[in-house]
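This report looks at how two chains meet and at how each of them is organised. The sequence and the structure come first, and the description follows.

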Amino acid sequence: MTTGTTATPSGYGHRVSERLEPVPGDWKRVSPRYVWVDLVGQIIGWAIVTVASSIPWWVSGREQWWLLIFPAVFLVVLVLVAAFTPRRVRSIGYRLRDDDLVFRRGLMFQRFVAVPYGRMQLVDINRGPLDRALGLAGLKLVTAAAASNVTVPGLPMADAEQLRDQIVDLAETRRAGL
Amino acid sequence: MTDAAAVAKAEDLADGEWHRLHPATPLLRGGIAFVAIVGIVIANLRERIIDFFVPEAGRYGGDPVDLIERNHLIPVALLVVLGVLLLIMVIFYFSWRVHTFRITADEVEVRSGILFRTNRKGRLDRIQGVDVTRQLLARVFGAARLEIKVAGQDANVNLAYLSSRNADALRRVILRRASGVREQERAASQAATGTVASPARGVGDVLNERAAEFIAPELDPSLAPPTSVVQMHPARLIGSTVLSSGTLWFVVIVAAAIVGATMFHVYEILFAIVPTVFALGSVLVRRVTKSLRYSIAATSDGIRVGYGLLSLSNETLPPGRIHSIQISQELLWRPFDWWEVRVNLASRSRERGQEGRRGTSILPVGNRADVLKVVQLALPELLAAEGMPELVAAALERGRPGDGFTISPPRARIVRWFSRKRNGFALRPEAVLLRRGAIWRDLVMVPTARMQSVAIHQGPFLRALRLATVNVHTVQGPISARIGGLDTDDAVGFFRDAAAADVAAASADRSHRWHADRPHFAPPQAHERRPELPPSPA
């Protein structure tokens, strides 16, 4: 366990305090271009929330100033989320171990998932319009458990296809029952 | 029909050719709709019927029936009704004719539909369970529904309806093929069971048989060991139902309503409770009647759980189809040491509500000995492991140092007020055990061979406390194998070891063809192999 003195392997050299690091080693990171995809998605999402929460202010004649508290809070959240996007994207990583794939994401709310290759039911490649514009793709790994929920976003298209083939091959050799 | 003859018949049904369902199928499938239509008609003609029997009750008029009567259209109306009925019967007849199934060595296939044809195939080695249901109406005709459960949403293969005996025998044939027993062993086991000669049957025999089926115990004695492993006591069943948390909340709400009514003098509020009483009463009665004839027994092809009083159902779960198992206790059950055992199954992963809950409880209520028997049946390889029975026994108790569980550290008291000393996990090569809750106690066991993936989470609040949450993912169901408030180092170790155990168990698991690697076909006498359990420290 890291105890506040080591830098995270990703190399953004700040001192960490008690961060989870269950599988120390080299993580494969997603493409830096994915920052833009994530940024646009987050900004659109939070902008909608901000505008929606200002509706009471608009319909009440734009005089009740306190009705602007919620939109203001959401606007601050939007700015914060946008500001932390590059770091959040850098926190996404995956590792192909001998028998399983380990996926990590999250900065504040960290999550690590280990999925054995033999458990994978199918591997999806998803591309949104922004992904396509930037030549990226997301790889979704589906197991029999809905909670597994592993989606590796922001992979360059060629990498995604190569990774998919590699995982499918690995799954084939290690096939297990449900 | 004797058992041997039934098996021979079922072998005929499973010969890979196309077969039709029970001839009463259209009637049974349409039966519910028919009753509903008659009900609606009667409800609408209520006044007319009253009028017919009590003419002085006052004329009633102005509905379509009046219109028909006035314009002398009665023969036309009758013809229309007759025509519609005839059309429905013809459609039902043809839908029965085209609804065929076949069972080959590797899969079961059903095709149906007149205009929109569907063809569904299920692979036998992917079977999650085989369910035989006998609804009240179907029992009158000696018919039963055979449902072959396959993992996934709405993926079951339904054979509704078959004759009752055929259904039982066919289930056995399907399970045997699914188990991967090789041909010569199948022949051998057939010879062993097929020694009884079949006598000639007359009409009287058919009636006797139907009557015998009606009063016979749910489990056919020849298909399973004659006695259920657990006996359901009516008193315990009623007691446990009354003492469940649902009734507890009801009492609280009623008390609040009474106090409120007397304080503010609004006694009308009390009438609002009446429908709730009826609703609760019907739920309780349904639960009791459903479980009165509960039975569970080991067969060579997995465990068989039977339910129901008037509409019977029983389900066979082949080995390795139970994805997790939970032993839980309601608050008021503790003085009696009663527990409920539930399971997560892949075949019900997406079903919600009543349908989803049906069959996830494999022991509605039982004492500690019953629970251990059921767990032994459900996961036989688990309790056979060294030290496992002691671990399970400890898991049903208050947490003690050195009982084999890694519990939350003292600083976790903020997130686990009462249960800190119970909240813990134990990791064995065979299974993961999660022990949770001090007020509502429960134990979740996930066989490592069934774990889909494992995750570890930590938010900012838990990070400040150096705590983390571990989540063992299984197929969706009523049980969530998640445990929070663990020390970070413990959680990280658990995550690593569980991931490794999952990989090891997945590569070693062969339960999708559960008899394939056995040299000789021999039903495992699971209930006889039960290891000695330590007496419960009272």
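## Where the chains meet

In this predicted model, 33 residues of chain B are in contact with 27 residues of chain A. On the side of chain B that touches chain A, the elements giving two or more residues are β18 (453-458), α17 (460-464), β19 (467-473) and α18 (488-508) of chain B. The most is given by α18(B), which supplies ten residues to that side. Sorted by class, the side of chain B that touches chain A holds 13 nonpolar, 14 polar and six charged residues.

The contact between the chains also includes strand pairing: β4 (residues 110-116) of chain A and β18(B) run together in the antiparallel sense, over five bridges. Within this pairing, A:R111 has B:H457 of β18(B) as its bridge partner.

Chain B has 538 residues, of which 38% count as buried, and its secondary structure amounts to 18 helices and 20 strands. When contacts in chain B between residues at least 6 apart in sequence are considered, 60% of them join residues at least 24 apart.

The largest nonpolar core has 135 residues, and those with the most contacts inside it are B:I174, B:I296, B:V374, B:V375, B:A378, B:L433 and B:F495. The largest share of this core comes from α18(B), with nine residues; α18(B) is also the element that gives the most to the side of chain B that touches chain A. For one of the residues with the most contacts inside the core, B:A378, the neighbours can be named: leaving aside residues up to four places away in sequence, B:A378 touches B:I303, B:I322, B:I325, B:V343 and B:I362.

## The two domains of chain A

Chain A is divided into domain 1, which covers 1-17 + 29-90, and domain 2, which covers 93-173. Between them, twelve residues of domain 1 of chain A are in contact with eleven residues of domain 2 of chain A. On the side of domain 1 of chain A that touches domain 2 of chain A, α1 (34-53) and α3 (69-90) of chain A each supply at least two residues. The residues of that side of domain 1 comprise seven nonpolar, one polar and four charged.

How values were computed: Residues numbered from 1 in each chain as written. Chains lettered and ligands numbered in written order. Predicted model: local features only at pLDDT ≥ 70, side-chain atom pairs only at ≥ 80, totals over all residues. Contact = placed C-beta atoms within 7 Å. Helix = DSSP H or I, 4+ residues; strand = E, 2+ residues; numbered from the N terminus. Nonpolar A, V, L, I, M, F, W, Y, C, P; charged D, E, K, R; others polar. Pairing = 2+ DSSP bridges. Buried ≥ 20, exposed ≤ 12 C-beta atoms within 10 Å, placed from the backbone. Domains from an automatic or database assignment. Core = buried A, V, L, I, M, F, W, Y, C linked by C-beta atoms within 7 Å.
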